[in-house]
Structures are given as C-alpha cells and as structure tokens.
Number of protein chains: 2
Amino acid sequence: MYGTLTCMSTVRGARERARLEVTAAIKDEARRRLAAEGAAKLSLRAVARELGMVSSALYRYFPSRDELLTALIIDAYDSVGVAAETADAVSLAAGAAPRPRWIAVCGAVRAWALAHPHEYALIYGSPVPGYSAPADTIGPASRVANVLIGILRSAHEGRGLSLPPLPAALRSEADRMTADFALGLPPEVTAALVAAWAQLVGLISFELFGQFNRVVEERDAFFAHAVGRLAHEVGLPAV
Amino acid sequence: MYGTLTCMSTVRGARERARLEVTAAIKDEARRRLAAEGAAKLSLRAVARELGMVSSALYRYFPSRDELLTALIIDAYDSVGVAAETADAVSLAAGAAPRPRWIAVCGAVRAWALAHPHEYALIYGSPVPGYSAPADTIGPASRVANVLIGILRSAHEGRGLSLPPLPAALRSEADRMTADFALGLPPEVTAALVAAWAQLVGLISFELFGQFNRVVEERDAFFAHAVGRLAHEVGLPAV
DNA sequence: CGGATGGGGAGAGCAGTGCTCTCGCTTGAG
DNA sequence: CTCAAGCGAGAGCACTGCTCTCCCCATCCG
C-alpha cells in the first residue's frame with residue numbers, strides 16, 4: 001500500500017522535491033510583493049522576474065494569476081488560523097477562563113491583521129478573483145471560527161452559558177447551524193457567535209481600511225472594550 | 001459679484017454644460033461596468049470605447065484611473081447615505097420610535113449593499129487605490145453614521161439612554177469622540193455607536209463577500225436579529 | 001544500458017491595459 | 001475678428017496575463 005500509492009508526506013524524488021521548492025519560492029515571492037504593493041499590483045511577470053525565471057515558466061506551477069491568489073488566500077487563512085489557535089493554546093495553558101481566552105484570540109486576530117494588512121484584505125476585504133470564493137478555501141477559512149467555537153463550548157460545559165431566547169423566525173436556522181458546525185452549543189449561542197465573528201472582522205476592517213482614521217485614536221483601548229462587549233454578547237459573563 | 005465670480009450653481013455656457021454632461025456620462029458608464037465586472041476589471045479604455053471616445057480623450061476629465069475610482073467612491077458614499085437618510089425620514093414620518101428607526105436604517109444600508117454589491121465593495125471592502133482614502137471622501141463617508149447619531153440623539157433627548165460605564169482607559173477618548181462628531185450623546189453611547197457601526201458593516205460584508213455561504217441560510221432573519229441586538233448594544237431598549 | 005517520454009524552462013507573440021505626447025479642430029472670450 | 005484655451009484623435013511606450021512552440025534533459029521502461 002505504501003509502495004503503490006504515491007506517498008504524500010515524504011517527498012518521492014528529486015523531481016517532486018524541486019517542484020515543491022519552486023512552488024514555495026513562487027508563493028513566497030508573491031507574498032512579498034503582495035505585502036509591498038497589494039493584491040491589485042501583484043504581477044506574475046514581476047514575480048517571475050524576481051525569481052530569475054521567464055513569466056511563461058510560472059504557468060507550469062499555477063494555471064493563472066487568480067489561482068496563485070487563491071493559493072495565497074488559503075495560506076492566509078491558515079496563517080491567521082494558527083495565530084488564533086496558538087493564542088488560545090497559550091491562554092489555555094496559562095489556565096485562563098473562557099472570557100480571557102476569547103479576548104486573547106480576538107486580540108491575536110487583530111494583531112495578525114495589523115501585521116499582514118494586505119493578506120488580511122485578501123481574505124476579509126472584497127473578493128478579488130471571480131466573485132465567490134473557491135471551494136478549497138472553506139476549510140482553512142473556518143479555523144478561527146472553530147477556535148471561538150471551542151472556547152464557547154468549554155465555557156458552556158463548564159458553568160453554562162445562557163442568553164435570551166431566539167425569535168421564532170430564527171430558531172430552526174440556529175438549530176441547523178448548531179448541528180452543522182457548533183455541536184453542543186445552545187442555539188442562541190451559536191447565532192450570537194456567528195454574528196460576533198462577523199462583527200469582530202468589521203471592527204478590524206474599519207481600523208485597517210482607514211474608516212476609523214479621524215474617528216478613533218486610541219485603537220487598542222477601543223478594540224479591547226469592543227471585544228469585551230462582544231464577549232458579553234455571546235454569553236461570556238463580564239467577570 | 002455675480003458677474004465677476006464664475007457662477008457655480010447655474011451652468012455658465014455650452015462649454016461647461018457639455019463638460020458636466022460628459023463627466024456624468026463617463027461616471028455612469030464606469031458605474032455600469034463596475035456593477036457588471038467589479039472594480040478590478042474596470043478599464044478606462046473600455047469606458048471610452050463604450051462612449052465612442054478614444055481613451056486619451058477621457059484624461060481631459062479624470063487625470064487617472066484612480067481618480068475616476070475616487071469619484072465613484074464618493075458617489076457610492078452619497079448613494080448609501082441618501083438611502084439611509086430617506087429610510088430614516090420615512091420611518092420618522094411614520095412616527096416610529098428610535099429603535100424601529102435604527103432597525104430601518106440598518107436594513108436600508110443592507111438593502112443598498114445587496115443591490116449595489118460592487119459599489120459596496122468599493123467603499124467598505126479593501127481600499128483599491130493607494131492605501132488610504134483621499135480626503136474628499138471623509139465628508140460623504142460619514143452620512144450614514146450621522147443618521148445613526150441622529151437617531152441616538154433623539155432617543156437620548158426623549159427618554160434617555162443609559163449604558164454601563166466606560167473603562168477608565170477609554171473615558172477621555174469617548175469624550176473626545178463625542179465632542180468631535182456626536183455632541184449631546186453620553187460618551188458610552190458614542191463609543192458603543194462607533195463599534196456598532198463597524199460591526200454592522202462587518203455583518204453586511206460577511207453576507208456579501210460570501211463568508212456566510214455555507215453558514216447562514218436565512219439571511220433576512222439572521223440580520224434582523226443581529227441588528228436588534230446591536231440596537232440593544234447602543235442603548236435602545238428592546239421594546 | 002539505451003531509447004522513448006514527458007516535465008519544465010526560454011522565447012516570441014497576441015490582445016489588452018494605463019498613460020503621455022503631439023497634432024489639429026472648434027469654440028468662446030477679449 | 002482674433003487668438004488662446006478646451007478638447008478629441010491618433011500614435012506610441014511600457015507593462016500586463018496568457019498561449020504556443022521549441023528544445024533540453026531527467027526519469028522510467030524494456
């Protein structure tokens with residue numbers, strides 16, 4: 001079985017190894033140019049030039065510019081995902097309660113966004129390729145949300161979460177959402193969590209995209225306060 | 001005085017008249033192509049071609065593609081601004097209380113976004129031109145926020161708004177924000193409003209940019225519920 | 001061991017882009 | 001009536017994404 005299937009984890013030969021290395025080099029250089037000038041100005045030819053290749057050679061690795069961008073999008077989702085996951089793991093290892101864990105994860109997402117503004121814009125700004133995200137992105141895209149779900153799950157298992165009941169129009173929808181990706185949470189919490197996740201991204205986007213420019217000055221304090229209210233909104237008691 | 005200064009409101013001659021008409025025609029066609037294919041694919045040459053001009057002629061009206069986009073951004077801010085303003089005016093004329101007014105305005109912003117997705121992406125998605133928005137946009141950009149401020153102001157003057165006190169780190173900042181653009185509101189309300197406005201845009205962006213795709217199905221009910229919670233968050237009591 | 005195979009780089013080329021410059025025509029102001 | 005200013009047309013430059021062809025050489029099979 002190991003011999004017949006192409007082994008996925010170990011590199012098979014020099015050929016595959018080279019291909020993986022070149023692919024990684026292309027993505028690295030693309031990420032560098034993305035950070036420097038933004039997605040709109042990311043040019044395949046410039047990436048190839050910087051790598052000492054000719055532009056057509058690059059099409060052996062990515063069938064189009066949009067596919068390269070999609071690869072960067074997936075990497076960005078994974079990057080912010082591990083940022084959130086490690087923040088939560090650190091917080092958990094320090095024995096933190098759900099509320100400080102929630103605040104730590106939100107802060108980690110914001111810190112990642114501030115450190116990688118163009119990658120953040122790639123995944124949470126306007127969708128640049130076609131119009132709807134490719135299917136490959138839905139897995140990595142939910143990593144951060146899963147961290148938040150985990151926090152609320154352990155909070156619920158711990159001392160219980162209680163929120164006002166849902167309006168009738170939303171009850172079955174909240175049950176479906178809970179069954180789909182948040183098993184174990186009360187449906188009101190699931191609904192509140194999804195909204196809170198969108199709202200968190202709204203807060204970060206406003207800061208990053210300049211909407212807070214002549215409005216909010218003390219960004220850290222403002223964000224901390226807003227995230228605390230968000231925690232309250234999903235049922236994490238305010239101490 | 002009327003003779004020496006160039007009169008601004010009335011059209012002076014055929015020359016100016018033609019210039020205004022052509023400028024409007026360019027923006028209209030650009031908006032059409034923006035709606036059809038998005039900002040990334042908006043091409044000056046295509047706009048000129050559709051208008052029966054040659055591309056260089058277009059530079060008599062807009063010094064660059066980015067300036068054209070900036071003009072579209074300003075128009076989009078104004079467009080969503082009047083949508084919010086008329087929704088509030090209608091609501092107010094029907095004798096609605098602050099909370100239903102808040103809900104009506106939020107719904108109007110969402111409806112505008114769903115009707116003009118690419119224009120929405122232009123103003124609340126990733127900033128497409130340089131990196132920070134030009135100064136001409138800060139006025140139109142605040143129209144929607146001003147409507148929300150107006151609602152909260154009348155709610156406060158009516159029966160009063162009360163929110164939990166601010167943390168010390170945010171108190172002076174909230175005072176400054178209040179003095180800058182929300183005179184008359186309690187500082188806690190100002191801070192909550194700014195956050196709520198960003199969060200509202202987060203909710204709409206997630207829906208519009210596909211982040212809710214395999215997550216939220218009943219979009220209307222979900223949004224209505226979230227906006228109700230947002231109203232509660234800024235101090236508008238739940239009935 | 002040797003020849004077929006196919007992966008991958010190089011180069012030319014096509015259609016399209018933003019933007020500049022120059023050349024005329026037209027029109028409105030003095 | 002004259003003349004400068006406004007404006008459209010066209011050519012052209014540097015760049016883009018993408019395709020196609022050519023050719024080399026590492027790999028695999030007999």
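This is a predicted model: local features need pLDDT of at least 70, side-chain atom pairs count only at pLDDT 80 or more; totals for chains, interfaces and linings use all residues.
Trainee: What makes up the fold of chain A?

Mentor: Chain A has 11 helices and zero strands. Along the sequence the pattern reads α-α-α-α-α-α-α-α-α-α-α. The C-alpha trace spans about 60 × 60 × 40 Å along its principal axes.

Trainee: Which domains does chain A have?

Mentor: The domain assignment gives domain 1 (1-63) and domain 2 (65-234). Their C-alpha centres lie 30 Å apart. Domain 1 of chain A puts 14 residues into the contact, and domain 2 of chain A puts in 10 residues.

Trainee: How much area is buried between domain 1 of chain A and domain 2 of chain A?

Mentor: About 1,200 Å². Carbon and sulfur atoms give 72% of that area.

Trainee: Why is H1(A) called roughly perpendicular to H6(A)?

Mentor: Start with the angle. Helix H1 (residues 14-37) and helix H6 (residues 117-124) of chain A cross at roughly 95°. Angles of 65 to 115 degrees count as roughly perpendicular, so H1(A) is roughly perpendicular to H6(A). The two axes come within 7 Å.

Trainee: Which residues meet there, and how do they divide by class?

Mentor: From H1(A) come A:Arg31, A:Leu34, A:Ala35 and A:Glu37. They meet A:His118, A:Glu119 and A:Leu122 in H6(A). By class, that is three nonpolar, one polar and three charged.

Trainee: Now the two chains. What makes H10(A) and H11(B) roughly perpendicular?

Mentor: Apply the 65 to 115 degree range again. Helix H10 (residues 187-208) of chain A packs on helix H11 (residues 219-233) of chain B at about 75°. That value falls in the range, so the pair is roughly perpendicular. Their axes are 11 Å apart.

Trainee: Which residues make that contact?

Mentor: H10(A) brings A:Ala191, A:Val194, A:Ala195 and A:Gln199. H11(B) brings B:Phe222, B:Ala226 and B:Leu230. The count by class is six nonpolar, one polar and no charged residues.

Trainee: How do you know that the copies are related as by a two-fold rotation axis?

Mentor: Two copies of a chain are related by a rotation about an axis and a shift along it. Here, chain B is laid on chain A by a turn of 180° and a shift of 0.0 Å along the axis. The RMSD is 0.1 Å. The copies are therefore related as by a two-fold rotation axis.

Trainee: Why say that the copies meet through the same surface?

Mentor: Compare the interface residues. In chain B, 100% of them are also interface residues in chain A, so the surface is the same.

Methods. Residues are numbered from 1 along each chain as its sequence is written. Chains are lettered from A and ligands numbered from 1 in the order in which they are written. Side-chain values use heavy atoms; hydrogens and water are left out. Axes are lines fitted to C-alpha atoms, for helices over the stretch in contact, and angles run from 0 to 180 degrees between N-to-C directions. Helices (H or I, at least four residues) and strands (E, at least two) are DSSP runs, numbered from the N terminus. Angles under 35 degrees count as roughly parallel, over 145 as roughly antiparallel, 65 to 115 as roughly perpendicular and the rest as oblique. Contact means heavy atoms within 4.5 Å. Ala, Val, Leu, Ile, Met, Phe, Trp, Tyr, Cys and Pro count as nonpolar, Asp, Glu, Lys and Arg as charged, and the others, Gly among them, as polar. Copies are superposed by least squares on the C-alpha atoms of residues with pLDDT of at least 70 in both. Domain bounds come from an automatic or database domain assignment. Buried area is the accessible area (1.4 Å probe) that two parts lose on being put together, summed over both.
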